Amino acid sequence: MIGVDFDEYEQVLLARVRPHKSMRNRCGICSRRSPRYDSGEGPRRWRTLDLGTIETYLVAEAPRVKCPVHAVTVAAVPWARHQAGHTRNFDQHVAWLATQCSKSAVTALMRIAWRTVGAIINRFWNDTAATFDPFANLTRIGIDEISYKRGHKYLTVVVDHDSGRLVWASPGRDKATLRKFFDALGEERSAQITHVSADAATWIATVVAERCSQAVRVADPFHVVMWATEALDEERRTAWNRARKLAKENEPSRGRGRPPADAPPRPDSEQAMKLKNSRYALWKNPEDLTEKQQVKLDWIVLTDPRLGRAYYLKEGLRTVFKLPLKEAAEALDRWVSWARRCRIPSFVKLQKSIVKHRQSILASIEHGLSNGRIESMNTKIRLMTRIAFGFKSPQALISLAMLSLGGHKPVLPGRK
């Protein structure tokens, strides 16, 4: 340090510094010692951590050097990254804050712009990623997509099942996006992948078959049961519309206002209303039903056997995932046979998907894998997005997610 001045007009502290002799005249990109080219544009400022409540800057000369690789560029300084207007300690402090609190809180505390936080997170993550191998010992992975912004904006994310950390993310949800992951992984490491869990998205299955065909494809039990729940809800809507149609045909129309006390009963309308409000009684697991929902479910089974049959088909498929592998395989085959002749179109269609994905469904039971870990990761990424009130750039979100969930969280400057 050469000296310290206080600018009364700007109310900032200016610390005049210069690099140690061994660090002078080095390329700002590769740090190669290079001949001095000129004095550049004179002294330059770098924002550093505040001194109490006083905004503080480092001030130093910014000469240019002529690097044999990168041509003429600004000389490197040890306290800041190339082309950054903030010191390394400032960047690290902001990165730590970004993983702990909202982006708006960071901007108020550090007195920087909203976009500057994203730029700092990107810079810090790029330096952090260069210090370790994110794909080391990667054998069992989960792949999924997550919406991060309105307008069908998605990220493809990859999670390590063994460590539980986020290992890769990129904007998009298609074959080209997922191929970028396997390109970064390389052929040798792709061959070491033993298990891949994912939903039934065709673009995931196609790329996994191309790049790591030896891996066991594991279907996510949650998504499989969700297919059955959606088929059940389709049948519930059909039953509701059927009841509404009967009500219109069998019951006289009623005027506005409260009906008179001696008005005739309207059983078909009452049944339609009960079916309309039966979604949660049909969706929820039997052990989670309230007393009122259990009564409604019993009523459905008695009054609408077809809808009751659809409910038992859904529960039958859910039960398959609770059985040992051998029993599960037999139960799944019996379920397919039952669904094939149940005369409920949504479940007849569903059994075709179950037959198509039978091997991956049984693999999930055999290996005890699901996408639960990656769904938990997606929930945390959504929470980051909400806390930050959204991200202008997907890269800023990816960098923050990798810092927070990739196993290499930043620490405060000066702490171990």
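In what order do the 4 strands of the open sheet stand, and what is the pairing? The order is E1-E2-E5-E4, with mixed pairing, where strands are DSSP runs (E, at least two residues) numbered from the N terminus and two of them pair if DSSP finds at least two bridges between them. Because strand E1 (3-7) and strand E4 (43-51) each have a single partner strand, they stand at the edges, and one side of each is left without a neighbour in the sheet. E4 pairs with strand E5 (residues 54-61) in the antiparallel sense over 7 bridges, and tryptophan 46 stands opposite leucine 58 in E5.

This is a predicted model, in which local features need pLDDT of at least 70, side-chain atom pairs count only at pLDDT 80 or more, and totals for chains, interfaces and linings use all residues. Residues are numbered from 1 along each chain as its sequence is written, and side-chain values use heavy atoms, with hydrogens and water left out.

On a 1 Å grid over the protein atoms alone, a cavity is a set of points where a 1.4 Å probe fits but cannot get out, whereas a pocket is an open set with protein on both sides within 12 Å along at least five of seven lines; lining residues have an atom within 4 Å of a point.

| Space | Volume | Largest share of lining |
|---|---|---|
| Largest pocket | about 270 Å³ | E5, 3 residues |
| Largest cavity | about 50 Å³ | H7, 3 residues |

Among the residues that line the largest cavity are Asp199, Arg217, His223 and Trp227.

Technical notes
Grid points are joined across faces, edges and corners, and a volume is the space filled by probe spheres set on the points.
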